[in-house]
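Please look over the model shown here before reading on. The briefing that follows is grouped by topic.

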Amino acid sequence: MHPGDVVPQGSAPPADVPGPLLAEGASADVYALDDARVLRRYREGRDATPEVELLRHVRDHGFPAPDVIDAGGSDIVMTRLHGPTLLQALGAGEVTLADAAQVMADLHGMLHAVPAPASWHLPQDRDWPHLGGGPVVVHLDLHPGNVILTEDGPALVDWANARAGTPELDVAVTAVLVAEVAVDAGGDYSQAARALLAAFLHASVVSPAGAVDDAAALRAVAPVLLPGERELVPEAAALVRAMLDLTAQG
């Protein structure tokens with residue numbers, strides 16, 4: 001596929017590599033088609049239909065996420081968002097930890113105002129068979145690497161884990177994700193992650209206290225985690241609980 005090619009509605013892009021690789025996710029790769037479009041392609045041939053339906057649903061409710069242009073099979077053609085990730089902006093010193101925490105908390109608040117679709121082809125939760133539903137849309141992977149700072153404001157990408165759920169679980173998953181970096185003593189960003197976690201828990205209007213165990217259970221079975229990373233989950237959950245206790249005491 002060459003820049004400027006039009007993808008017919010209802011048809012999948014060709015199976016060959018369509019353009020420069022922009023990002024490699026846990027289960028999918030993102031390619032640039034041109035300056036305005038990207039292709040998100042699942043590696044294992046996973047059906048992208050549930051993700052497409054949920055993306056269109058949140059966009060219809062005004063949430064900042066990529067627009068779906070076309071989709072077919074395991075491919076999704078979306079609008080290309082320009083700007084650094086929140087993680088890149090943090091690394092470059094362009095955004096403070098407090099501001100980054102507020103961005104994440106605000107995105108959670110906006111997303112949890114979107115009701116779960118009344119009619120939706122639920123994903124086959126082979127990875128998370130015990131995941132329950134809930135009244136709102138949840139992302140379950142909202143972290144600085146998945147937030148794009150566009151000229152129009154922050155936008156959220158990588159909706160592979162999105163489901164219907166509760167705000168408490170979504171916030172708890174974000175907290176555990178950040179805490180996993182914080183408890184990695186050999187990591188370069190452990191101290192910054194600890195500070196970001198504290199700021200995020202302070203900024204969030206939803207307390208994740210009652211959902212930390214469920215969030216840790218989801219992270220513990222996440223297929224993308226390596227054994228060494230999986231071992232960090234219990235300690236990460238303990239750190240989140242400890243910080244919540246301190247917040248409650250304060």
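Predicted model: local features only at pLDDT ≥ 70, side-chain atom pairs only at ≥ 80, totals over all residues.

**Strand pairing, sheet and a buried glutamate**

In strand S5, Val 77 is the bridge partner of Asp 70.

Hairpin of S4 and S5
- Strand S4, residues 68–72, runs antiparallel to strand S5, residues 75–79, and four bridges join the two.
- Two residues lie between the strands of this hairpin, in which Gly 73 takes a positive phi near 65°.

The sheet
- The sheet is open and is formed by five strands in the order S1-S2-S3-S5-S4, with antiparallel pairing.
- Because S1 (21–24) and S4 stand at the edges and each has a single partner strand, one side of each is left without a neighbour in the sheet.
- From one strand to the next, the twist averages 20°.
- Strand S2, residues 28–32, and strand S3, residues 37–42, run antiparallel and are joined by five bridges, and Asp 29 stands opposite Arg 41 in S3.
- Helix H1, residues 49–60, packs on the sheet, where it touches S3, S4 and S5, and the direction of H1 makes about 165° with that of S4.

Glu 180 in helix H4
- Glu 180 is found in helix H4, which spans residues 167–182.
- Glu 180 counts as buried because its relative accessible area is 8%, against a cut-off of under 20%.
- When neighbours within four places in sequence are left aside, Glu 180 is in contact with Arg 219, Leu 225, Leu 232, Val 233 and Ala 236.

Methods: Residues numbered from 1 in each chain as written. Heavy atoms only, no water. Pairing = 2+ DSSP bridges. Buried < 20%, exposed > 50% of the residue type's maximum accessible area, 1.4 Å probe, protein only. Contact = heavy atoms within 4.5 Å. Axes fitted to C-alpha atoms, helices over the stretch in contact; angles between N-to-C directions.
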